[in-house]
Amino acid sequence: MAALDRVKVLVLGDSGVGKSSLVHLLCQNQVLGNPSWTVGCSVDVRIHDYKEGTPEEKTYYIELWDVGGSVGSASSVKSTRAVFYNSVNGIILVHDLTNKKSSQNLYRWSLEALNRDVAPTGVLVTNGDYDREQFADNQIPLLVIGTKLDQIPETKRNEVLTRTAFLAEDFNAEEINLDCTNPRYLAAGSSNAVKLSRFFDKVIEKRYLSRDGNQIPGFPDRKRFGGGTLKSLHYD
Amino acid sequence: MSFLIDSGIMVTSQVLFFGFGWLFFMRKLFKDYEVRQYVVQVVFSVTFAFSCTMFELIIFEILGVLNSSSRYFHWKLNLCVILLVLVFMVPFYIGYFIVSNIRLLHRQRLLFACVVWLTFMYFFWKLGDPFPILSPKHGILSIEQLISRVGVIGVTLMALLSGFGAVNCPYTYMSYFLRNVTDADILALERRLLQTIDMIISKKKRMAMAHRTMFQRGEVHNKPTGFWGIIKSVTTSAPGSENLSLIQQEVDALEELSRQLFLETADLHATKERIEYSKTFQGKYFNFLGYFFSIYCVWKIFMATINIVFDRVGKTDPVTRGIEITVNYLGIQFDVKFWSQHISFILVGIIIVTSIRGLLITLTKFFYAISSSKSSNVIVLLLAQIMGMYFVSSVLLIRMSMPPEYRTIITEVLGELQFNFYHRWFDVIFLVSFSTFTPFTSTKMSSSSSPAASAGPPFSICKHRL
């Protein structure tokens, strides 16, 4: 029974970047011991205190939908994945700091989730089929997370971090770089934890609070099946 | 002088093939990965280039291009190089990259790579013992020894792939096997998938809330450690934790269900797209081809069975036999020498092109299915090894499809291999692989004839590995 309100956040990225480890770390505060391939979508829930420490503090459920796969999948797999992109309130884009292609593919991932009808191109052209206009009027908050920070040698770190800073700027998003096998990157009070908390607050605000501060009532949004009537689901 | 010109032509064509292999590697295979070790790309392209050169030499043989002695020289040279690559270079690099992945052995990579290579050589040599592939008068380290073993492995691979193709192609091409999928089916399945995920979410919410209240109340849930901890946990256990483990089991079951539903939905989408494709012109054309192909496959199986049962190996090639039939039975007279050259060129050309293309496509699909960012180097090198062995043995087998006057060079260069053995072995493995793959495909067909089957077909797990 969900007595609290909920928001839905997608976690997208190429195969093997560490989405499942990241989601596990965010929700269970533990490192994932045996990561295995994600088939379909795996969901986890995090309880978040909106505006913690202030009188307006309220607790929300954040659903993290970890969608597996690659941008180059067959169109049948993409159509099946599209089912998960309904009524999304926030998107976390995950890329691997040791693999440049995974960062480049983030453009295609975000287009797939936001537009849901990207024509697959055979050759990846960086920034060629990415249009800033499409992100200018985007209302859904984005967050860019780079994983496997520990595998970058100290000498190359600056170069990699500059590149990811440009990437995050393109998406008009905050960025966090961490190592999913080490919980200290998200320790309470660290700058990463603050950025994460701010992102979730933004997602909740966009969903539940309109611009002049009035609260939108949180009814379960069942807009999935072409505007059907609101019925209670029968669990068999 | 002419030798220099010939060598110049050969080298140019080799460079072209190398470039093609390089591009293929970059654009198709390593589309989603970063190439960090250029050695891998070079080795792959080199294997591809020298394999293609062999096919080129066969074509030159038929067409009579280039000087005969320079052709012979280049054959020998090419064969030496490719055997060197397949037996020494590629296995060594495979061992090296495997060892680099294991953290413990990282320090003495080279040493352990040599150890792995020596083990490979031992088994490779032992492979030749049970097979009667060699006449005993050859020395230990000769081309014939190496190529006979490479030939056995390659022929096995070819026969396996042919058997699989013979089963799979009719199923894929012909629309007869397509079952009807409506939009309503897909929507119903998607709805079930989302319902399952909702159930998982609500259970996880309960667990998260329970963890939080326990944490806030100060009852941090400790796993029982040590001997006394375990004894204590038998008698007293927090009531909350029992509840939680029950819910966790339910969640695990639901997650497995959601995975199956996802795979089925993806299958339905794929079938729907195939149905739409089959209504286009291209689809109808392939459907038509599929019927011909199935007849051809049935004929091949029939011939293979006859060859084994009656213990015979075909002596004449299709070109000569076709010409015989037209000349003797149909009484049409034409310039036999001229036409036999051109027809065998076309036939051999088609065989070569389709086998190269088919192999590259299969390798690419295989690579996408099983590689990850850690193992991509090793897998690409394994594929290069398979590709090299495949091409070498197709040269062995193609000898059968050529008229006798063109066979001489292959016989000369490859020495006294027992070619008949290879054909027999091919037929055996072909039949074995065909009879193994047929039950798999037929279960796939029968289980997919009901749209909302409860258990997914076994192959889609491999197909849709994300």
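Biologist: Hello! In which sense, left-handed or right-handed, is the crossing where H1(B) passes H2(B)?

Modeller: Keep in mind that this is a predicted model. The axes of H1(B), residues 2–29, and H2(B), residues 38–63, come within 7 Å and cross at roughly 135°. That angle makes H1(B) oblique to H2(B). As H1(B) passes H2(B), the crossing is right-handed.

Biologist: How many helices and how many strands does chain B have?

Modeller: Let's start with burial: of the 466 residues of chain B, 43% count as buried. Among contacts in chain B with a separation of 6 or more, 79% come from residues 24 or more positions apart. As for the count, chain B has 15 helices and zero strands.

Biologist: Over residues 75–98 of chain B, how far apart are the end C-alpha atoms?

Modeller: In an unreviewed UniProt entry, residues 75–98 and 147–169 of chain B are among those annotated "transmembrane region". Over residues 147–169 of chain B, the chain is 100% helix and the end C-alpha atoms are 31 Å apart. Residues 75–98 of chain B are also 100% helix and 0% strand, with end C-alpha atoms separated by 33 Å.

Biologist: Does H3(B) lie roughly parallel or roughly antiparallel to H12(B)?

Modeller: The axes of H3(B), residues 68–101, and H12(B), residues 376–398, come within 9 Å and cross at roughly 155°. An angle over 145 degrees counts as roughly antiparallel. Therefore H3(B) is, relative to H12(B), roughly antiparallel.

Biologist: Which residues of H12(B) make the contact with H3(B)?

Modeller: The crossing of H3(B) and H12(B) is left-handed. On the H3(B) side, the contact includes B:Trp75, B:Ile82 and B:Leu86. From H12(B) come B:Asn377, B:Val378, B:Leu381, B:Leu382, B:Ala384, B:Gln385, B:Gly388, B:Met389, B:Val392 and B:Val395.

Biologist: Leaving aside its neighbours within four places in sequence, which residues is B:Ala166 in contact with?

Modeller: B:Ala166 is found in H5(B), residues 143–173, and is buried, with a relative accessible area of 7%. The C-alpha atom of B:Ala166 is 9.0 Å from that of B:Tyr296, although these two residues are 130 residues apart along the chain. Apart from neighbours within four places in sequence, the contacts of B:Ala166 are B:Cys297, B:Phe430 and B:Phe434.

Biologist: Now for chain A. Which strands stand at the edges of the sheet?

Modeller: The sheet is open, with six strands in the order S2-S3-S1-S4-S5-S6 and mixed pairing. An edge strand has a single partner strand, so one side of it is left without a neighbour in the sheet. In chain A, the strands at the edges are S2 and S6.

Biologist: In S4(A), which residue is the bridge partner of A:Val11?

Modeller: S1(A), residues 5–12, is mostly covered, as seven of its eight residues are buried. S1(A) pairs in the parallel sense with S3(A) over seven bridges, and there A:Asp5 stands opposite A:Tyr60. S1(A) also pairs in the parallel sense with S4(A), over four bridges. In S4(A), the bridge partner of A:Val11 is A:Ile92.

Biologist: Which strands of chain A does H5 of chain A touch?

Modeller: S5(A) and S6(A) run parallel and are joined by four bridges. One of the facing pairs there is A:Leu143 with A:Glu174. H5(A), residues 157–171, packs on the sheet with its direction at about 150° to that of S6(A), touching S4, S5 and S6.

Biologist: Which helix of chain B lies across S1, S2 and S3 of chain A?

Modeller: This one brings the chains together. Look for residues 183–216 of chain B, running at about 40° to S2(A). The helix that lies across S1, S2 and S3 of chain A is H6(B).

Biologist: Why is H1 of chain A largely enclosed by the rest of the structure, and how many of its residues are buried?

Modeller: The buried residues of H1(A) include A:Leu22, A:Val23 and A:Leu25. Their cover includes S1, S2, S3, S4, S5 and H6 of chain A. Just after H1(A), A:Asn29 has a positive phi of about 55°. H1(A) is largely enclosed because its buried residues number eight of the 10.

Key:
Residues numbered from 1 in each chain as written. Chains lettered and ligands numbered in written order. Predicted model: local features only at pLDDT ≥ 70, side-chain atom pairs only at ≥ 80, totals over all residues. Heavy atoms only, no water. UniProt positions renumbered as here; feature names shortened; annotations may be inferred. Helix = DSSP H or I, 4+ residues; strand = E, 2+ residues; numbered from the N terminus. Buried < 20%, exposed > 50% of the residue type's maximum accessible area, 1.4 Å probe, protein only. Pairing = 2+ DSSP bridges. Axes fitted to C-alpha atoms, helices over the stretch in contact; angles between N-to-C directions. Parallel < 35°, antiparallel > 145°, perpendicular 65-115°, else oblique. Left-handed = near helix turned anticlockwise from the far one by under 90°. Contact = heavy atoms within 4.5 Å.
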